[in-house]
Amino acid sequence: MTNHQVYLGLGSNLGQRKELIQKAIALIDERIGTVTRQSSLIETEPWGFESSHKFLNGVILCETTLTPREVLNETQKIERELGRKKKTTLNSQLSTLNYKDRPVDIDILLYDDLKVDEPDLKIPHPLMHQRDFVMIPLKEIITNL
């Protein structure tokens with residue numbers, strides 16, 4: 001089986017943010033693949049909505065044998081287990097974004113050099129370059145950006 005490199009963005013702005021991100025990373029390492037790099041966590045203002053709860057954000061690199069679809073399914077299961085009610089969906093035009101406070105959010109940022117454009121799965125993540133809370137931790141750990 002081939003190992004793939006997947007960069008995942010993590011965020012939390014409800015509850016014990018740092019502990020929730022650490023639990024998410026442990027579950028990712030257990031179910032998706034070995035976490036080989038982890039950025040620092042940075043505190044940021046909410047993006048795309050108003051909230052009094054600041055986010056903690058970070059990025060990890062995971063070595064996985066799972067397909068992008070399997071990674072998406074597993075990250076969504078982990079989000080639900082850690083208290084996430086409903087995932088914000090990106091429609092094909094990115095026109096209906098409905099962001100909310102959340103205990104944990106896991107986004108697939110990059111998967112090898114693969115490009116995926118499906119209604120519920122877009123790789124590379126289409127908004128990552130607009131988001132300092134993604135790009136700052138990503139630049140900290142990526143080797144070929």
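The points below go from the overall fold to a few individual residues.

1. **What we are looking at.** This is a predicted model, in which local features need pLDDT of at least 70, side-chain atom pairs count only at pLDDT 80 or more, and totals for chains, interfaces and linings use all residues. Residues are numbered from 1 along each chain as its sequence is written, and side-chain values use heavy atoms, with hydrogens and water left out.

2. **Overall fold.** The protein has three helices and seven strands, where helices (H or I, at least four residues) and strands (E, at least two) are DSSP runs numbered from the N terminus. Read from the N terminus, the order is β-α-β-β-β-α-β-β-β-α.

3. Of the 145 residues, 48% are buried; here buried means under 20% relative accessible area, exposed over 50%, and partly exposed in between (1.4 Å probe, protein chains only). The protein exposes about 7900 Å², with carbon and sulfur atoms supplying 48% of that area; accessible areas come from the Shrake-Rupley method with a 1.4 Å probe, and for residues only the protein chains shown count as cover. Among contacts (heavy atoms within 4.5 Å) between residues at least 6 apart in sequence, 70% join residues at least 24 apart.

4. **The α1/α2 pair.** The axes of α1 (residues 17-31) and α2 (residues 68-81) come within 10 Å and cross at roughly 145°. These axes are lines fitted to C-alpha atoms, for helices over the stretch in contact, and angles run from 0 to 180 degrees between N-to-C directions. Which residues make the contact? From α1 they are A24, L27, I28 and R31, and from α2 they are E74, I78 and E81. By class, these residues divide into four nonpolar, no polar and three charged (Ala, Val, Leu, Ile, Met, Phe, Trp, Tyr, Cys and Pro count as nonpolar, Asp, Glu, Lys and Arg as charged, and the others, Gly among them, as polar).

5. **Strand β5.** How many residues of β5 (residues 105-111) are buried? The count is seven of seven. Strand β1 (residues 4-12) runs antiparallel to β5, and six bridges join the two; strands pair if DSSP finds at least two bridges between them. Within this pairing, Y7 stands opposite L110 in β5.

6. **Helix α3.** Buried residues in α3 are F133, V134, M135, P137, L138 and I141. They pack against β1, β2 (33-38), β3 (42-44), β4 (55-64) and β5. I136 is also found in α3, but I136 counts as partly exposed because its relative accessibility is 48%.

7. **Two loop residues.** P126 lies in the loop between β7 (121-123) and α3 (132-141). Is P126 buried or partly exposed? At 33% relative accessibility, P126 is partly exposed. Its C-alpha atom is 8.4 Å from that of L109, 17 residues away along the chain. R102 sits in the loop between α2 and β5, and R102 counts as buried because its relative accessibility is 7%. Leaving aside neighbours within four places in sequence, R102 is in contact with S12, N13, L14, F49, F55 and R84. For R102 and F55, the C-alpha to C-alpha distance is 9.2 Å, and they are 47 residues apart in sequence.
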